[in-house]
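Thanks, everyone. Please have the sequence and the model open.

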Amino acid sequence: MLSDTHFYFNKAADILGLPQIIRKILLTPQRSVKVEIAIESCAGELMYYTGYRVQHNNARGPMKGGLRFHPEMNEDHASALAGLMTWKTAVVDIPFGGAKGGIDCDPKTMSDKDLSLVTRLFVAQMKDVIGPTIDIPAPDVNTNAKVMGWIMDEYSKFEGFSPAVVTGKPLHLFGSEGREEATGRGVMLTLREALKDQGKTFSEITVAIQGFGNVGSHAARLIAEHGACIVAVADHTGGVSNPDGLDVVALNEWVSEKGGVSGFVGGMAFEGSEIITWDADVLIPAALQDVITEENAHDVKAKIVVEAANAPTTPSADAILLERGILVLPDILANAGGVTVSYFEWTQNIQQFRWVLDRINDELEKVMSKAYRSVCDVAEEKKVDLRTAAFILAIRRVGQAALARTHLDGSIFM
Ligand code: NAD
């Protein structure tokens, strides 16, 4: 994954003509911290985990990025995702840098008490390198509002009341209205802008979605509410399709109850992996990385791919999609709605003032539309695809901010 991010970075850096030394500075994380976490579990077993936090860049503001609790979490993963966060926060022009971290544990096999203890030991050892003006964690795969609440509580024991140390907190613990659906809403808004450019509306399109978790389910609901026909959805349990459109509200209820889309009575079952090549106008990968590959990219039928997941397209697949004239709305633009509303949450925490939902959604809409336009402008200026344009825009913003802190000339980034 790290090499994929570097590939896209270097493609943009080539167009900007950046010297190797500047590339090295921009690609290398500023700090990487690894901590040992050993606990005696509720079951009386000694358990051992490793926690990671990679802080990639803070030229544009405090570092920002999720915490992933997953057995396969490692420094390489954290590094790749930390870099993506730097470019993502720059594309949507919010005053943050990028970071990512996590613990190599599996919350699905742990009691809440053990998970809370592991999280608290992680925070206790990371407290000097995170903070409202240093690095602000958020939820990612297998972490949620409850975990973010524990982080705030533990950090505040050392540093005093500090809600702004973490975002994605529960609403009753200084969380923000609209945060939960923000990534899905951003996906819908990015697609809306792209459709507008093609002279189309939601009511004219069919959509296939991989993943029906936080991002996929909210994106599906909002896109359906705007009139699109969601013809197929797949998750880790299988796939369901309906050429007349799935009832997304009923599917949501089904998934809440059964844990997956499989068996949903309002559609026909299919093998989940077929979703990538489903016959629909738009494909939204909203689950895992590396799902559009060299093997299946030739068979993608959608005309637009919206990358709701992080890094769902491998570089070789990306080249095939580009050659086939399929429009890819890249992850660092399309799924930036979540970190944008995290920024609003942080702002509210610092202001000690709550924003109403309408204000959150209005501001998110402005940020996403502006980011989409800025990426399109660079694509036009440099005659490149939207992913390369998004990286060029991000590298320019980060590079110029970094050099503006020194006496060096920032014109190299034009
Ligand atoms: P989630 O855990 O809520 O949902 C993940 C979904 O993926 C589930 O529906 C699950 O069934 C499905 N899935 C898992 N394995 C699968 C498989 N093998 N085949 C098909 N589907 C499978 O996670 P999420 O928060 O919705 O995140 C999804 C993606 O979006 C991730 O790549 C994440 O990094 C990215 N993302 C999330 C946010 C956010 O705010 N949550 C923000 C930006 C990017």
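Arg192, Glu193, Lys196, Asp197, Glu365 and Arg373 are linked in a network of salt bridges. Keep in mind that this is a predicted model. In total, the structure holds 28 salt bridges.

Next, Arg387. It forms a salt bridge with Asp318, and the closest N and O atoms are 2.8 Å apart. Arg387 lies in helix α13 and Asp318 in helix α9, residues 315-323, so this pair ties together parts 69 residues apart in sequence. Asp318 is buried, at a relative accessible area of 6%, and Arg387 is buried as well, at 3%.

Arg387 also forms a salt bridge with Asp331, with 3.9 Å between the closest N and O atoms. Asp331 sits in helix α10, residues 331-334, so here the parts tied together are 56 residues apart in sequence. Both Arg387 and Asp331 are buried.

Lys11 forms a salt bridge with Asp385, the closest N and O atoms being 3.6 Å apart. Lys11 is in helix α1, residues 2-16, while Asp385 is in the loop between α12 and α13, 374 residues apart. Is Lys11 buried or partly exposed? Its relative accessibility is 27%, so Lys11 counts as partly exposed. Asp385, at 16%, counts as buried.

Back to helix α13, residues 386-404, which also holds Arg396. Arg396 counts as buried, at 11% relative accessibility. Leaving aside residues up to four places away in sequence, Arg396 touches Leu16, Val378, Glu381, Lys382, Phe413 and Met414.

Last, the surface. Lys200, Lys301, Lys303 and Arg324 gather there in a patch of positive charge. Of these, Lys301 is in the loop between β10 and β11 and is partly exposed, at 39%.

Terms used:
Residues are numbered from 1 along each chain as its sequence is written. This is a predicted model: local features need pLDDT of at least 70, side-chain atom pairs count only at pLDDT 80 or more; totals for chains, interfaces and linings use all residues. Side-chain values use heavy atoms; hydrogens and water are left out. Patches are made of residues with over 30% relative accessible area and no salt bridge: like charges are joined within 9 Å, nonpolar side chains (Val, Leu, Ile, Met, Phe, Trp, Tyr) within 5 Å. Accessible areas come from the Shrake-Rupley method with a 1.4 Å probe; for residues, only the protein chains shown count as cover. A salt bridge is a side-chain nitrogen of Lys or Arg within 4 Å of a carboxyl oxygen of Asp or Glu. Lys and Arg count as positive and Asp and Glu as negative; His and the chain ends are not counted. The place of a charge is taken as NZ of Lys, CZ of Arg, CG of Asp or CD of Glu. Helices (H or I, at least four residues) and strands (E, at least two) are DSSP runs, numbered from the N terminus. Buried means under 20% relative accessible area, exposed over 50%, partly exposed in between (1.4 Å probe, protein chains only). Contact means heavy atoms within 4.5 Å.
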